[in-house]
Amino acid sequence: MQLDLDNLPSDTALLHRLVRDIASVIAHRNGEIQRLQAIIKQLQRAQFGRRSERLDADQFALGLEDLDIDLSAVEADQASVDASAPTQKLQPKRKPLPDHLPREEVVLNVDSESCACCGGALHAIGESVSEMLDWVPAQLRVVRVCRPKYACRSCGTITQAPAPERPMAGGLATPALLAQVLVSKYCDHTPLYRQAQIFARHGVELERSTLAGWVGGACWWFEALHDRLCKHIFASDHLFADDTPIPVLDPGRGRTKIGRLWVYAREQRGWAGPEPPTAVYVFAPDRKAERPAAHLTHFKGVLHVDGYAGFERLTAAGNITLAACWAHARRKFYEVAQAEDTPIAHEALRRIASLYAVEAQVRGQSPAHRLAARRALAKPIVDGLRLWLEAHLPQLPGRSNLAEAIRYALSRWDGLTRFLHDGRIELDTNPVERAIRPVALGRKNHLFAGSDGGGERWAILCSLIETCKLNDVEPYAYLRDVLTRMVDGHPINRLDELLPWAWKPMNHVNT
(Lines give C-alpha, C1' and ligand atoms only; values in the text may rest on other atoms or scores of the structure.)
Protein backbone atom coordinates (compact mmCIF):
# COMPACT_ATOMS: atom_id res chain seq x y z
CA MET A 1 0.00 0.00 0.00
CA GLN A 2 1.44 3.31 -1.14
CA LEU A 3 0.50 6.50 0.80
CA ASP A 4 1.27 10.13 -0.02
CA LEU A 5 2.13 11.39 3.46
CA ASP A 6 2.18 15.00 2.26
CA ASN A 7 -1.41 14.83 0.95
CA LEU A 8 -3.38 12.81 3.47
CA PRO A 9 -7.19 13.03 3.12
CA SER A 10 -9.10 15.20 5.58
CA ASP A 11 -12.21 12.99 5.61
CA THR A 12 -12.41 11.22 9.01
CA ALA A 13 -14.25 8.16 7.70
CA LEU A 14 -11.69 7.72 4.94
CA LEU A 15 -8.85 8.03 7.44
CA HIS A 16 -10.45 5.38 9.66
CA ARG A 17 -10.72 3.05 6.71
CA LEU A 18 -7.07 3.65 5.79
CA VAL A 19 -5.99 2.92 9.37
CA ARG A 20 -7.98 -0.33 9.38
CA ASP A 21 -6.45 -1.34 6.03
CA ILE A 22 -2.96 -0.55 7.30
CA ALA A 23 -3.57 -2.54 10.50
CA SER A 24 -4.80 -5.50 8.44
CA VAL A 25 -1.72 -5.37 6.20
CA ILE A 26 0.58 -5.15 9.22
CA ALA A 27 -1.14 -8.11 10.90
CA HIS A 28 -0.86 -10.16 7.71
CA ARG A 29 2.82 -9.31 7.29
CA ASN A 30 3.55 -10.04 10.95
CA GLY A 31 1.89 -13.42 10.56
CA GLU A 32 3.86 -14.13 7.42
CA ILE A 33 7.12 -13.08 9.11
CA GLN A 34 6.34 -15.33 12.07
CA ARG A 35 5.58 -18.24 9.75
CA LEU A 36 8.81 -17.78 7.79
CA GLN A 37 10.84 -17.47 11.00
CA ALA A 38 9.34 -20.74 12.21
CA ILE A 39 10.27 -22.42 8.92
CA ILE A 40 13.85 -21.12 9.25
CA LYS A 41 14.11 -22.47 12.80
CA GLN A 42 12.68 -25.80 11.69
CA LEU A 43 15.22 -26.06 8.88
CA GLN A 44 18.01 -25.11 11.27
CA ARG A 45 16.94 -27.87 13.66
CA ALA A 46 16.75 -30.36 10.81
CA GLN A 47 20.23 -29.41 9.64
CA PHE A 48 22.08 -28.80 12.90
CA GLY A 49 19.98 -30.04 15.80
CA ARG A 50 17.59 -32.70 16.98
CA ARG A 51 14.54 -33.37 14.87
CA SER A 52 12.37 -34.60 17.76
CA GLU A 53 12.29 -34.24 21.50
CA ARG A 54 14.29 -37.43 21.89
CA LEU A 55 17.82 -38.08 20.80
CA ASP A 56 18.29 -40.78 18.22
CA ALA A 57 18.73 -44.01 20.17
CA ASP A 58 21.84 -45.04 18.23
CA GLN A 59 23.51 -41.66 18.68
CA PHE A 60 22.64 -41.64 22.38
CA ALA A 61 24.07 -45.13 22.77
CA LEU A 62 27.36 -44.01 21.21
CA GLY A 63 27.74 -41.32 23.86
CA LEU A 64 26.97 -43.77 26.66
CA GLU A 65 29.52 -46.22 25.27
CA ASP A 66 32.29 -43.65 25.56
CA LEU A 67 31.25 -42.75 29.12
CA ASP A 68 31.17 -46.41 30.14
CA ILE A 69 34.62 -46.98 28.64
CA ASP A 70 35.99 -43.95 30.51
CA LEU A 71 34.51 -45.18 33.79
CA SER A 72 35.94 -48.66 33.26
CA ALA A 73 39.39 -47.21 32.58
CA VAL A 74 39.26 -45.15 35.79
CA GLU A 75 38.12 -48.17 37.80
CA ALA A 76 40.91 -50.30 36.32
CA ASP A 77 43.51 -47.68 37.24
CA GLN A 78 42.13 -47.45 40.77
CA ALA A 79 42.21 -51.22 41.16
CA SER A 80 45.84 -51.39 40.05
CA VAL A 81 46.81 -48.66 42.51
CA ASP A 82 45.06 -50.16 45.52
CA ALA A 83 44.45 -53.82 44.80
CA SER A 84 44.77 -54.77 48.47
CA ALA A 85 41.83 -52.61 49.62
CA PRO A 86 38.62 -54.10 48.24
CA THR A 87 35.89 -51.56 47.71
CA GLN A 88 32.18 -52.01 48.14
CA LYS A 89 30.86 -51.74 44.61
CA LEU A 90 27.29 -52.27 43.61
CA GLN A 91 27.40 -54.71 40.72
CA PRO A 92 24.62 -54.26 38.16
CA LYS A 93 22.12 -57.07 38.00
CA ARG A 94 23.16 -59.30 35.15
CA LYS A 95 21.04 -61.83 33.33
CA PRO A 96 22.35 -65.41 33.40
CA LEU A 97 24.01 -66.62 30.24
CA PRO A 98 21.60 -68.54 27.96
CA ASP A 99 21.36 -72.28 28.51
CA HIS A 100 21.56 -73.09 24.80
CA LEU A 101 25.16 -71.86 24.51
CA PRO A 102 27.80 -74.63 24.50
CA ARG A 103 29.88 -74.81 27.68
CA GLU A 104 33.57 -75.63 28.00
CA GLU A 105 34.48 -76.89 31.47
CA VAL A 106 37.76 -75.66 32.95
CA VAL A 107 38.64 -77.24 36.32
CA LEU A 108 41.24 -75.48 38.49
CA ASN A 109 42.22 -77.95 41.20
CA VAL A 110 44.61 -77.57 44.12
CA ASP A 111 48.22 -78.74 43.73
CA SER A 112 48.09 -81.36 46.49
CA GLU A 113 45.49 -83.49 48.29
CA SER A 114 47.28 -82.88 51.60
CA CYS A 115 46.68 -79.88 53.82
CA ALA A 116 49.42 -77.30 53.43
CA CYS A 117 48.98 -76.36 57.11
CA CYS A 118 49.05 -79.71 58.97
CA GLY A 119 49.56 -82.34 56.28
CA GLY A 120 46.17 -84.00 56.80
CA ALA A 121 44.10 -85.43 53.97
CA LEU A 122 41.74 -83.02 52.15
CA HIS A 123 38.15 -83.94 51.31
CA ALA A 124 35.77 -82.17 48.97
CA ILE A 125 33.16 -79.91 50.60
CA GLY A 126 31.84 -78.12 47.47
CA GLU A 127 33.01 -75.94 44.64
CA SER A 128 32.84 -72.39 43.37
CA VAL A 129 31.57 -71.98 39.83
CA SER A 130 31.75 -68.84 37.71
CA GLU A 131 31.09 -68.27 34.02
CA MET A 132 32.64 -66.01 31.41
CA LEU A 133 31.36 -65.36 27.92
CA ASP A 134 33.80 -66.37 25.18
CA TRP A 135 33.91 -65.68 21.46
CA VAL A 136 34.82 -68.17 18.74
CA PRO A 137 35.77 -66.18 15.62
CA ALA A 138 33.93 -66.85 12.39
CA GLN A 139 35.68 -69.44 10.26
CA LEU A 140 35.45 -70.17 6.57
CA ARG A 141 35.77 -73.81 5.62
CA VAL A 142 35.57 -75.94 2.50
CA VAL A 143 32.97 -78.70 2.36
CA ARG A 144 34.28 -81.45 0.10
CA VAL A 145 31.58 -83.65 -1.39
CA CYS A 146 33.05 -86.99 -2.48
CA ARG A 147 30.92 -89.37 -4.56
CA PRO A 148 32.67 -92.70 -5.13
CA LYS A 149 32.00 -94.42 -8.44
CA TYR A 150 31.32 -98.16 -8.75
CA ALA A 151 31.35 -100.30 -11.87
CA CYS A 152 29.80 -103.69 -12.52
CA ARG A 153 32.31 -106.22 -13.88
CA SER A 154 29.54 -108.17 -15.59
CA CYS A 155 27.70 -105.48 -17.58
CA GLY A 156 29.94 -102.44 -17.15
CA THR A 157 27.24 -100.28 -15.51
CA ILE A 158 28.64 -97.38 -13.48
CA THR A 159 26.83 -96.46 -10.25
CA GLN A 160 27.29 -93.24 -8.31
CA ALA A 161 25.23 -91.31 -5.73
CA PRO A 162 23.50 -88.28 -7.28
CA ALA A 163 25.08 -84.87 -6.68
CA PRO A 164 23.35 -82.83 -3.99
CA GLU A 165 21.27 -79.86 -5.00
CA ARG A 166 22.87 -76.46 -4.62
CA PRO A 167 21.14 -73.12 -4.06
CA MET A 168 22.62 -71.98 -7.39
CA ALA A 169 23.83 -74.27 -10.12
CA GLY A 170 27.60 -74.46 -9.94
CA GLY A 171 27.70 -72.00 -7.05
CA LEU A 172 30.34 -72.18 -4.33
CA ALA A 173 28.23 -70.93 -1.42
CA THR A 174 26.40 -73.24 0.96
CA PRO A 175 23.08 -72.15 2.48
CA ALA A 176 24.96 -71.23 5.64
CA LEU A 177 27.27 -68.83 3.81
CA LEU A 178 24.41 -67.34 1.80
CA ALA A 179 22.47 -66.74 5.01
CA GLN A 180 25.50 -64.98 6.49
CA VAL A 181 25.81 -62.68 3.48
CA LEU A 182 22.08 -61.87 3.53
CA VAL A 183 21.97 -61.15 7.27
CA SER A 184 25.10 -59.02 7.08
CA LYS A 185 23.65 -56.91 4.27
CA TYR A 186 19.98 -56.61 5.22
CA CYS A 187 20.03 -57.03 9.00
CA ASP A 188 23.44 -55.71 10.07
CA HIS A 189 23.62 -53.24 7.15
CA THR A 190 27.08 -54.22 5.93
CA PRO A 191 27.35 -53.53 2.18
CA LEU A 192 28.72 -56.22 -0.08
CA TYR A 193 32.00 -54.43 -0.78
CA ARG A 194 32.74 -54.38 2.96
CA GLN A 195 31.86 -58.05 3.23
CA ALA A 196 34.30 -58.73 0.40
CA GLN A 197 36.98 -56.98 2.46
CA ILE A 198 36.12 -59.13 5.48
CA PHE A 199 36.39 -62.33 3.43
CA ALA A 200 39.73 -61.11 2.07
CA ARG A 201 41.06 -60.83 5.63
CA HIS A 202 40.22 -64.52 5.98
CA GLY A 203 42.29 -65.27 2.89
CA VAL A 204 39.40 -65.76 0.45
CA GLU A 205 39.13 -63.31 -2.45
CA LEU A 206 35.49 -62.84 -3.44
CA GLU A 207 34.45 -60.14 -5.86
CA ARG A 208 31.57 -57.89 -4.94
CA SER A 209 29.84 -59.00 -8.14
CA THR A 210 30.08 -62.61 -6.97
CA LEU A 211 28.41 -61.75 -3.68
CA ALA A 212 25.75 -59.82 -5.58
CA GLY A 213 25.03 -62.90 -7.66
CA TRP A 214 24.67 -64.93 -4.49
CA VAL A 215 22.16 -62.46 -3.08
CA GLY A 216 20.09 -62.55 -6.25
CA GLY A 217 20.15 -66.34 -6.39
CA ALA A 218 19.14 -66.68 -2.73
CA CYS A 219 16.29 -64.18 -3.11
CA TRP A 220 14.88 -66.27 -5.96
CA TRP A 221 14.16 -69.01 -3.43
CA PHE A 222 12.51 -66.61 -0.99
CA GLU A 223 10.12 -64.97 -3.46
CA ALA A 224 7.38 -67.55 -2.91
CA LEU A 225 7.75 -67.21 0.86
CA HIS A 226 7.44 -63.42 0.59
CA ASP A 227 4.27 -63.82 -1.49
CA ARG A 228 2.84 -66.15 1.12
CA LEU A 229 3.73 -63.68 3.86
CA CYS A 230 1.90 -60.91 1.98
CA LYS A 231 -1.24 -63.02 1.53
CA HIS A 232 -1.18 -63.93 5.20
CA ILE A 233 -0.91 -60.36 6.47
CA PHE A 234 -3.43 -58.88 4.00
CA ALA A 235 -5.98 -61.42 5.22
CA SER A 236 -5.94 -59.63 8.61
CA ASP A 237 -8.54 -57.02 9.54
CA HIS A 238 -6.26 -54.54 11.37
CA LEU A 239 -3.05 -53.29 9.76
CA PHE A 240 -0.63 -50.36 9.88
CA ALA A 241 0.61 -48.80 6.63
CA ASP A 242 3.32 -46.33 5.66
CA ASP A 243 6.04 -45.87 3.08
CA THR A 244 9.65 -44.75 3.04
CA PRO A 245 11.89 -43.57 0.18
CA ILE A 246 14.89 -45.52 -1.08
CA PRO A 247 17.26 -44.12 -3.73
CA VAL A 248 17.51 -46.38 -6.77
CA LEU A 249 20.32 -46.11 -9.32
CA ASP A 250 19.08 -44.79 -12.66
CA PRO A 251 21.91 -45.63 -15.11
CA GLY A 252 20.27 -44.02 -18.13
CA ARG A 253 20.36 -40.59 -16.51
CA GLY A 254 23.56 -40.97 -14.52
CA ARG A 255 21.92 -40.39 -11.13
CA THR A 256 19.55 -41.96 -8.66
CA LYS A 257 15.77 -41.87 -8.68
CA ILE A 258 13.50 -42.20 -5.67
CA GLY A 259 11.71 -45.52 -5.23
CA ARG A 260 9.45 -46.42 -2.34
CA LEU A 261 9.19 -49.28 0.10
CA TRP A 262 5.57 -49.62 1.18
CA VAL A 263 5.45 -51.15 4.65
CA TYR A 264 2.50 -53.00 6.17
CA ALA A 265 2.66 -54.14 9.78
CA ARG A 266 0.42 -56.31 11.91
CA GLU A 267 0.70 -55.75 15.64
CA GLN A 268 -1.96 -57.22 17.93
CA ARG A 269 0.00 -57.57 21.16
CA GLY A 270 -1.40 -54.25 22.38
CA TRP A 271 -4.84 -55.87 22.71
CA ALA A 272 -3.76 -59.49 23.26
CA GLY A 273 -4.78 -60.48 19.73
CA PRO A 274 -4.22 -63.99 18.36
CA GLU A 275 -2.15 -63.20 15.23
CA PRO A 276 1.66 -63.02 15.39
CA PRO A 277 3.39 -59.69 14.69
CA THR A 278 4.46 -59.25 11.09
CA ALA A 279 6.08 -56.63 8.86
CA VAL A 280 5.85 -56.85 5.08
CA TYR A 281 7.68 -54.61 2.60
CA VAL A 282 6.65 -54.11 -1.02
CA PHE A 283 8.81 -52.17 -3.48
CA ALA A 284 7.28 -49.68 -5.91
CA PRO A 285 8.98 -47.17 -8.23
CA ASP A 286 6.84 -44.26 -7.01
CA ARG A 287 4.39 -43.02 -4.38
CA LYS A 288 1.24 -42.97 -6.46
CA ALA A 289 -2.01 -43.71 -4.65
CA GLU A 290 -2.65 -46.75 -6.84
CA ARG A 291 0.29 -48.54 -5.21
CA PRO A 292 -1.35 -49.13 -1.80
CA ALA A 293 -4.69 -49.62 -3.61
CA ALA A 294 -3.14 -52.52 -5.55
CA HIS A 295 -1.47 -54.00 -2.47
CA LEU A 296 -4.69 -53.86 -0.43
CA THR A 297 -7.09 -55.09 -3.10
CA HIS A 298 -8.40 -57.89 -0.90
CA PHE A 299 -7.93 -56.20 2.48
CA LYS A 300 -11.01 -55.47 4.58
CA GLY A 301 -10.79 -53.78 7.95
CA VAL A 302 -9.08 -50.94 9.80
CA LEU A 303 -5.93 -49.41 8.37
CA HIS A 304 -3.77 -47.22 10.63
CA VAL A 305 -2.22 -44.48 8.48
CA ASP A 306 -0.48 -41.13 8.60
CA GLY A 307 -1.62 -37.99 6.79
CA TYR A 308 -0.80 -39.16 3.24
CA ALA A 309 -3.81 -38.16 1.10
CA GLY A 310 -3.47 -41.19 -1.17
CA PHE A 311 -4.83 -43.45 1.56
CA GLU A 312 -8.19 -41.67 1.37
CA ARG A 313 -8.90 -43.37 -1.96
CA LEU A 314 -8.90 -46.74 -0.21
CA THR A 315 -12.18 -45.96 1.53
CA ALA A 316 -14.19 -45.53 -1.68
CA ALA A 317 -15.43 -49.13 -1.76
CA GLY A 318 -16.41 -49.08 1.90
CA ASN A 319 -14.24 -52.06 2.84
CA ILE A 320 -11.46 -50.09 4.53
CA THR A 321 -11.74 -47.73 7.49
CA LEU A 322 -8.84 -45.36 8.20
CA ALA A 323 -7.56 -44.73 11.72
CA ALA A 324 -5.44 -41.58 11.95
CA CYS A 325 -2.24 -41.18 13.95
CA TRP A 326 -2.07 -39.07 17.12
CA ALA A 327 1.74 -39.11 16.97
CA HIS A 328 1.67 -37.22 13.66
CA ALA A 329 -0.86 -34.72 15.02
CA ARG A 330 1.27 -34.26 18.12
CA ARG A 331 4.40 -33.72 16.01
CA LYS A 332 2.83 -30.65 14.40
CA PHE A 333 2.27 -29.03 17.80
CA TYR A 334 5.73 -30.05 18.98
CA GLU A 335 7.39 -28.30 16.05
CA VAL A 336 5.43 -25.13 16.79
CA ALA A 337 6.28 -25.36 20.49
CA GLN A 338 9.99 -25.68 19.68
CA ALA A 339 10.03 -22.91 17.08
CA GLU A 340 7.68 -20.37 18.65
CA ASP A 341 7.28 -21.51 22.29
CA THR A 342 3.58 -20.65 22.35
CA PRO A 343 1.41 -21.58 25.38
CA ILE A 344 -1.31 -22.97 23.09
CA ALA A 345 1.09 -25.51 21.52
CA HIS A 346 2.39 -26.57 24.94
CA GLU A 347 -1.16 -26.99 26.23
CA ALA A 348 -2.05 -29.14 23.21
CA LEU A 349 0.98 -31.33 23.92
CA ARG A 350 -0.08 -31.69 27.56
CA ARG A 351 -3.58 -32.79 26.60
CA ILE A 352 -2.32 -35.31 24.05
CA ALA A 353 0.12 -36.65 26.66
CA SER A 354 -2.84 -37.33 28.98
CA LEU A 355 -4.36 -39.50 26.23
CA TYR A 356 -1.20 -41.57 26.06
CA ALA A 357 -1.21 -41.89 29.85
CA VAL A 358 -4.62 -43.53 29.63
CA GLU A 359 -3.40 -45.78 26.83
CA ALA A 360 -0.43 -46.94 28.91
CA GLN A 361 -2.84 -48.23 31.56
CA VAL A 362 -4.74 -50.49 29.14
CA ARG A 363 -1.92 -51.75 26.93
CA GLY A 364 -2.05 -55.52 26.62
CA GLN A 365 -5.63 -55.77 27.89
CA SER A 366 -8.59 -57.21 26.00
CA PRO A 367 -10.40 -55.03 23.44
CA ALA A 368 -13.51 -54.84 25.64
CA HIS A 369 -11.49 -53.67 28.65
CA ARG A 370 -9.58 -51.14 26.56
CA LEU A 371 -12.76 -49.75 25.03
CA ALA A 372 -14.50 -49.34 28.40
CA ALA A 373 -11.49 -47.58 29.91
CA ARG A 374 -11.09 -45.31 26.89
CA ARG A 375 -14.71 -44.22 26.97
CA ALA A 376 -14.50 -43.52 30.68
CA LEU A 377 -11.10 -41.79 30.77
CA ALA A 378 -10.02 -40.77 27.26
CA LYS A 379 -13.32 -39.59 25.74
CA PRO A 380 -13.67 -36.56 28.06
CA ILE A 381 -10.10 -35.55 27.18
CA VAL A 382 -10.78 -35.87 23.45
CA ASP A 383 -14.07 -33.96 23.61
CA GLY A 384 -12.48 -31.18 25.63
CA LEU A 385 -9.52 -30.99 23.27
CA ARG A 386 -11.73 -30.54 20.21
CA LEU A 387 -13.74 -27.72 21.80
CA TRP A 388 -10.53 -26.08 22.93
CA LEU A 389 -8.95 -26.28 19.46
CA GLU A 390 -12.07 -24.98 17.74
CA ALA A 391 -12.21 -22.04 20.15
CA HIS A 392 -8.59 -21.00 19.53
CA LEU A 393 -8.47 -21.49 15.75
CA PRO A 394 -10.43 -18.30 14.82
CA GLN A 395 -8.13 -16.22 17.02
CA LEU A 396 -4.97 -17.22 15.11
CA PRO A 397 -3.56 -15.89 11.82
CA GLY A 398 -4.83 -18.20 9.11
CA ARG A 399 -1.39 -19.01 7.69
CA SER A 400 0.43 -19.47 10.99
CA ASN A 401 2.01 -22.83 11.78
CA LEU A 402 -0.13 -23.20 14.89
CA ALA A 403 -3.31 -22.74 12.85
CA GLU A 404 -2.06 -25.34 10.36
CA ALA A 405 -1.40 -27.76 13.22
CA ILE A 406 -4.92 -27.27 14.57
CA ARG A 407 -6.47 -27.68 11.12
CA TYR A 408 -4.41 -30.84 10.58
CA ALA A 409 -5.90 -32.38 13.71
CA LEU A 410 -9.48 -31.18 13.18
CA SER A 411 -9.58 -32.29 9.53
CA ARG A 412 -8.70 -35.84 10.64
CA TRP A 413 -10.84 -35.89 13.77
CA ASP A 414 -12.98 -38.86 12.72
CA GLY A 415 -9.85 -40.94 12.15
CA LEU A 416 -8.18 -39.69 15.33
CA THR A 417 -11.21 -40.65 17.46
CA ARG A 418 -11.71 -44.05 15.86
CA PHE A 419 -10.01 -45.66 18.85
CA LEU A 420 -12.99 -44.65 21.02
CA HIS A 421 -15.21 -47.07 19.07
CA ASP A 422 -12.94 -50.13 18.72
CA GLY A 423 -10.67 -51.48 21.45
CA ARG A 424 -8.36 -53.03 18.85
CA ILE A 425 -7.42 -49.69 17.28
CA GLU A 426 -4.21 -48.03 18.45
CA LEU A 427 -3.58 -44.32 18.94
CA ASP A 428 -0.75 -44.10 16.43
CA THR A 429 1.18 -45.82 13.68
CA ASN A 430 4.26 -46.50 15.80
CA PRO A 431 4.42 -50.24 14.91
CA VAL A 432 4.97 -49.44 11.23
CA GLU A 433 7.25 -46.51 12.11
CA ARG A 434 9.47 -48.98 14.00
CA ALA A 435 9.47 -51.27 10.97
CA ILE A 436 10.74 -48.39 8.83
CA ARG A 437 13.76 -47.62 11.05
CA PRO A 438 15.90 -50.57 9.84
CA VAL A 439 15.29 -49.43 6.25
CA ALA A 440 16.47 -45.93 7.12
CA LEU A 441 19.61 -47.35 8.74
CA GLY A 442 20.25 -49.56 5.73
CA ARG A 443 19.72 -46.57 3.45
CA LYS A 444 22.54 -44.73 5.21
CA ASN A 445 24.90 -47.66 4.71
CA HIS A 446 23.86 -48.94 1.28
CA LEU A 447 23.41 -45.40 -0.10
CA PHE A 448 21.08 -46.70 -2.83
CA ALA A 449 19.63 -49.79 -4.46
CA GLY A 450 21.34 -50.69 -7.71
CA SER A 451 18.08 -51.21 -9.63
CA ASP A 452 14.37 -51.78 -9.24
CA GLY A 453 15.24 -55.45 -8.84
CA GLY A 454 17.52 -54.48 -5.96
CA GLY A 455 14.60 -52.67 -4.36
CA GLU A 456 12.44 -55.79 -4.70
CA ARG A 457 15.15 -57.93 -3.12
CA TRP A 458 15.44 -55.38 -0.34
CA ALA A 459 11.69 -55.78 0.27
CA ILE A 460 11.84 -59.59 0.31
CA LEU A 461 14.71 -59.88 2.76
CA CYS A 462 13.50 -57.08 5.03
CA SER A 463 10.08 -58.76 5.28
CA LEU A 464 11.55 -62.05 6.44
CA ILE A 465 14.23 -60.59 8.71
CA GLU A 466 12.03 -58.03 10.47
CA THR A 467 9.25 -60.57 10.98
CA CYS A 468 11.85 -62.91 12.51
CA LYS A 469 12.93 -60.16 14.91
CA LEU A 470 9.32 -59.39 15.86
CA ASN A 471 8.81 -63.06 16.75
CA ASP A 472 12.14 -63.50 18.62
CA VAL A 473 13.57 -65.72 15.88
CA GLU A 474 17.28 -65.45 15.11
CA PRO A 475 17.45 -64.34 11.43
CA TYR A 476 20.63 -66.19 10.47
CA ALA A 477 19.44 -69.55 11.82
CA TYR A 478 16.08 -69.03 10.13
CA LEU A 479 17.40 -68.10 6.68
CA ARG A 480 20.00 -70.86 6.74
CA ASP A 481 17.50 -73.56 7.69
CA VAL A 482 14.72 -72.39 5.38
CA LEU A 483 17.05 -72.07 2.41
CA THR A 484 18.38 -75.56 3.06
CA ARG A 485 14.90 -77.01 3.20
CA MET A 486 13.77 -75.28 0.04
CA VAL A 487 16.85 -76.46 -1.86
CA ASP A 488 16.17 -79.99 -0.60
CA GLY A 489 12.66 -79.86 -2.06
CA HIS A 490 10.31 -78.57 0.62
CA PRO A 491 6.73 -78.94 -0.75
CA ILE A 492 5.31 -75.69 -2.12
CA ASN A 493 1.93 -76.45 -0.52
CA ARG A 494 3.54 -76.44 2.94
CA LEU A 495 5.14 -73.00 2.81
CA ASP A 496 3.18 -71.90 5.87
CA GLU A 497 5.44 -74.16 7.93
CA LEU A 498 8.37 -71.92 6.98
CA LEU A 499 6.81 -68.60 8.01
CA PRO A 500 8.89 -67.12 10.84
CA TRP A 501 6.33 -67.59 13.64
CA ALA A 502 5.63 -71.22 12.61
CA TRP A 503 9.23 -72.21 11.87
CA LYS A 504 10.89 -74.94 13.91
CA PRO A 505 14.61 -75.39 13.31
CA MET A 506 16.25 -78.56 12.07
CA ASN A 507 19.81 -79.65 12.75
CA HIS A 508 22.24 -79.48 9.83
CA VAL A 509 25.70 -81.00 9.93
CA ASN A 510 27.58 -79.77 6.89
CA THR A 511 25.57 -76.82 5.61
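Predicted model: local features only at pLDDT ≥ 70, side-chain atom pairs only at ≥ 80, totals over all residues.
## Second largest pocket

Several helices take part in the lining of the second largest pocket: α3, α4 (192-201) and α14 (475-487) each contribute at least two residues to it. Helix α3 spans residues 175-186, and the loop that runs between β2 (158-160) and α3 holds Leu 172. Is Leu 172 buried or exposed? Leu 172 is classed as exposed because its relative accessibility is 72%, above the 50% cut-off for that class. The C-alpha atom of Leu 172 is separated by 9.9 Å from that of Thr 210, a residue 38 positions away along the chain.

## Largest cavity and Gln 268

The structure contains one cavity of 30 Å³ or more. The volume of the largest cavity is about 30 Å³. Its lining consists of His 238, Phe 240, Glu 267, Gln 268, Trp 271, His 304, Arg 424 and Glu 426. These lining residues divide into two nonpolar, three polar and three charged.

Among the lining residues of the largest cavity is Gln 268. Leaving aside residues up to four places away in sequence, Gln 268 touches Gly 273, Pro 274 and Glu 275.

## Helix α10

Why is helix α10 described as largely enclosed by the rest of the structure? Helix α10 covers residues 401-411, and eight of its eleven residues are buried, so the description applies. The buried residues of α10 are Asn 401, Leu 402, Ala 403, Ala 405, Ile 406, Tyr 408, Ala 409 and Leu 410.

## Cysteines

The whole structure was searched for disulfides, and zero were found. For Cys 117, the closest cysteine sulfur is that of Cys 115, at 5.1 Å, which is too far for a bond.

Cys 117 counts as exposed, with a relative accessibility of 74%, whereas Cys 325 is buried, with a relative accessible area of 3%.

## Chain overview and confidence

The chain has 511 residues, of which 37% count as buried. Its secondary structure amounts to 14 helices and seven strands. Of the contacts between residues at least 6 apart in sequence, 64% link residues at least 24 apart.

The mean pLDDT of the chain is 85, and 85% of the residues reach 70 or more. In which residues does pLDDT stay under 50? That is the case over residues 51-56, for which the model has six contacts beyond four places in sequence.

Notes:
Residues numbered from 1 in each chain as written. Heavy atoms only, no water. Disulfide = S-S within 2.5 Å. Buried < 20%, exposed > 50% of the residue type's maximum accessible area, 1.4 Å probe, protein only. 1 Å grid on protein atoms, 1.4 Å probe; cavity = no way out; pocket = protein on both sides within 12 Å on 5 of 7 lines; lining within 4 Å. Points joined across faces, edges and corners; volume = space filled by probe spheres on them. Nonpolar A, V, L, I, M, F, W, Y, C, P; charged D, E, K, R; others polar. pLDDT = per-residue confidence, 0-100. Contact = heavy atoms within 4.5 Å. Helix = DSSP H or I, 4+ residues; strand = E, 2+ residues; numbered from the N terminus.
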